[in-house]
Amino acid sequence: MWLPKLLLLLHFSLQLQIPTLAIKKSYVVYLGAHSHGPDFSPLDSERVTQSHYEFLGSFLGSREVARISLFYSYTRHINGFAATLEEEVAAKIANHPNVVSVFLNRGRKLHTTRSWDFLGLEQNGVVPSSSIWNKAKYGENTIIGNLDTGVWPESKSFSDEELGPIPSKWKGICQNGIDSSFHCNRKIIGARYFNKGYASVAGPLNSSFESPRDNEGHGSHTLSTAGGNFVPKASVFGFGNGTAKGGSPKSRVAAYKVCWPPVEGNECFDADILAAFDLAIHDGVDVLSVSLGGATTAFFNDSVAIGSFHAVKRGIVVVCSAGNSGPADGTVSNVAPWEITVGASTMDREFPSYVTLGNKRSFKGQSLSPRALKSGKFYRLISSVEAKAANASAEDAILCKPKTLDPRKVKGKIVVCLRGENARVDKGQQVLQAGGVGMILANNELTGNEIIADPHVLPASHINYSDGITVFTYVNSTKSPRGYITPTTTKLGTKPAPFMAAFSSKGPNTVTPEILKPDITAPGVSVIAAYSEAQGPTNQVFDKRRVPFNSVSGTSMSCPHVSGIAGLLKTLHPDWSPAAIKSAIMTSARTRDNAMEPILNASNFKATPFSYGAGHVQPNRAMDPGLVYDLSINDYLNFLCSLGYNATQIEMLSEEPCRCSKNIRLTNLNYPSITVPNLSGSITVTRTLKNVGTPGTYRAGVQNPAGMVVSVKPNYLRFKRVGEEKSFKVTLKVKKPEAAKDYVFGKLIWSDGKRYVRSPIVVKAA
C-alpha cells in the first residue's frame, strides 16, 4: 500500500513546485504630453523611447525585459507606450504619480452598415455652392488625414491631376512596406500602417499586413468622401451616374491604416490608434477623419479621445462618427467635447425598385442590383418561413440565414426575407444559392422606414416595415401569391429628406450628460464613393464582382462629409480654431427637411437633438456663421478639472503649471449647445460669442422646451469689429415639472436679420 501513497505525495509535491503562469495582456500607458521644441529630431525620439524602457523596467526588473514587453513608444506629441503586461503590473503602473491612465488595448469597430445591421456629396443643400468652393479654393493645400483601413491608390478619386507641389509643411512619408505597387502622389501625400496593437491580440502576422493598401474598401470610401478629386461619370453599376467629388476635392490626403480583419468582432485597436494620432499630428494634417469607435469610457481610457485631444491642442480639427447602435437611446460614441461627432441621415437621392403584387398593389423599395427579372412576368412568391429547410428553425429561416432555405421550395420563386442579424446582401445570396430568382427584403419594426440600396447579387428590393407587413400578409393569405420586382432606377429630389437613419447612434451622452452628442448629422445612407478593387461591392466571399465606386451606409459615411466641410473652412478661415469651425458647422445647421417639416426618425416620429445634435449640416451657411462659440485648450483643461482630474494630471496634459478652480461647472463650457440633465428649480448658464463676420447687432430669440421658461440677458449684443467677444446668461426655470420629467427640447437663436446662430437647448427636470 505504501507505493500508491508515495506516488500520490510525489504528485502533489510536483504540483506545488510548478509556478502558475500569469496571463499577460496588452495595455496602453498614457503619460500625458511631450514638451518638444520645434527642432525635435530622431535623437530626441530615441531618448524618449529609452526613458520609457527605463520607466517600465523599474516595474519589470530590468530594461531588457521592458524592451521585450514594450511594442509602441509614443514619442512625438503623445507621451506614453504600449506593452504586454500582467494585470498586477499594470495596476502598479496605474498608481504611479507620473501616470495619467493605464488601460487595456481594446478593440473598436468601423462604423459602417455595409454588410451587417447594427454594427458622395450628391445631395441638394449639402454640396457646397460653386461660389463657396471657389472662395475656399476647393480645399486646396488643406491636408485631410483618415484613420481607417488604408487607401486604394489607383482610384481616380486620388488622381493628382491639376494639383501643385506638395505643401512645404508636410513631414509625412509613404510607408508602402512590402507593397512595391503602392505609390503616393501629389494627392495622396502620405500613407502609414499600424498593426502592432492588432498583432498583440491576433498573434503573429504574415507579410500581407505590411502595407497601407485598402483591401477592404472602407478607407477608400471615407477618404474620397472627405477629399476625393473630381471624377466624371462615376456610378455603381450605372446607377447614380454623375461627377464624384469629396467635400474638399482639391485637398491633399493621407491614409493612416489602423483597422484590419476582425478579431472577436473588433478591427481597430487602441494602441494602433494612438500611434496613428501621434504621427498624424507630427506629419502636419489639418483635419483628421475618424470613422470608427467603441463603447464609451472615461476620456483618458479612450484612445480616440486622447489622440483627438492632442490633435485639437495643435489646431487640428477632429471629426468622428457617432456609431451605428441606434435607434436605442444613450448609444452614441466618441463623446469628448473637443471632437465633432456626426450622426447619419438620408439624402434626397434614391434608387427605387418597386414590388408589385398579384393583387395589383405596389410598394416602393430600394436596390442597387444590376440584375433584373424578365419584363412583365409575375413569379411565385414564398415566405422564407414557408421555404425553410427541414432542419432549420422558423426564427432563422425568416431571416434567410445560411442553410435555412429548401431549394425544392425556393426554385424559380421570389423569396420574402426579414431584415436583421445577418448581412442584407447575404440573405440574397442564400436565396440565389437555393435557386430563387429574386428577393424582397422587409424591414423589422426597429428599422422602420430606413431602406438601403445594396448591390445585391440577384434582383431584389428593400421595403419598409409597414409595406413588409402587407407583403407577408398577402403571401400568407393567398393560395398562389405572385409578384414582380421592377428594375432599379435613379431618382433625385426625393421628399421628405433628410430623415434620420435607424442605425445612427443617439444621445444622451453617457460620459458627460451635460455635453450634447452627437453634434451634427450628415448624409450617411447609400453614399457613393471610391472603393477598393480587392473586394466585391458586398464584401462577401461569394462576390467576385469589382467596382471602382460603391454605395455604402453608416455614420462612417456621414463623418467624412463633415471632415470635407471642415477642410473647406480651414482653407477659407485659416485662423479659426477647431472649436470655431465646430461652432460654425453646428449653429448653421437645419432641423427641417426639404418639405419644410421637422426632421423625422426612421419610424416617422419627430426626431430630436439626441439624434441630430444641432441639425443637418449646411456647408454654405457654415462658411459665414456671423458668430461662433469659441474654446481654447485651457477651456478643455478646466472642463477636465470639473470632472475630477487633479492638478498633477492636468499639468501632464498642458505641459505647464496648472491650477484647477473648484468653481467650474460643466454646464458653463462654452459649447454651441446647452444641456442640463437634472434641473431642480432653475439654473443660469453663461456663454460667450465671438464675432467672425461684419459688425452688427444680434437679438436673441427662444423656443422654450415644454414645461420650461428660458430667458436671456442681455437679449441683444452689438459687435463693432471682428474678433470682439461678448458674454450673456441663459436662465432655465422649471415651470411644469410633470411636462419635463423626460428630456425636452428647445432652441436659442441669435440673429442680425441675415444670419441665424442656432443652439439646441436640452433639459430634463430633476
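Predicted model: local features only at pLDDT ≥ 70, side-chain atom pairs only at ≥ 80, totals over all residues.
Let me start with the open sheet of four strands, which run in the order β29-β31-β35-β33 with antiparallel pairing, where strands are DSSP runs of E with at least two residues, helices are runs of H or I with at least four, both numbered from the N terminus, and two strands pair if DSSP finds at least two bridges between them. At the edges stand β29 (627–628) and β33 (708–713), each with a single partner strand, so one side of each is left without a neighbour in the sheet. The antiparallel pairing of β29 with β31 (residues 682–691) extends over two bridges, and in it leucine 627 stands opposite asparagine 691 of β31.

Residues are numbered from 1 along each chain as its sequence is written, and side-chain values use heavy atoms, with hydrogens and water left out.

Now to the domains, whose bounds come from an automatic or database domain assignment: domain 1 covers 24–104, domain 2 covers 128–347 + 499–622, domain 3 covers 352–485 and domain 4 covers 626–631 + 669–765. How is the interface of domain 2 and domain 4 made up? In contact, meaning heavy atoms within 4.5 Å, are 26 residues of domain 2 and 21 residues of domain 4. The buried area, that is, the accessible area (1.4 Å probe) that the two parts lose on being put together, summed over both, is about 1,800 Å², with 66% of it from carbon and sulfur atoms. On the side of domain 2, Leu516, Thr587 and Phe610 supply 26% of the area buried against domain 4, more than any other three residues.

As for elements, α15 (578–587) and α16 (609–612) each supply at least two residues of the side of domain 2 that touches domain 4, and α15 gives the largest share, seven residues.

Finally, some backbone details. Most residues other than glycine have a negative phi, and most peptide bonds are trans. Here, however, a cis peptide bond joins lysine 713 and proline 714, with omega about -15°, and proline 714 lies in the loop between β33 and β34 (716–719). Another cis peptide bond, with omega about 10°, joins glycine 507 and proline 508.
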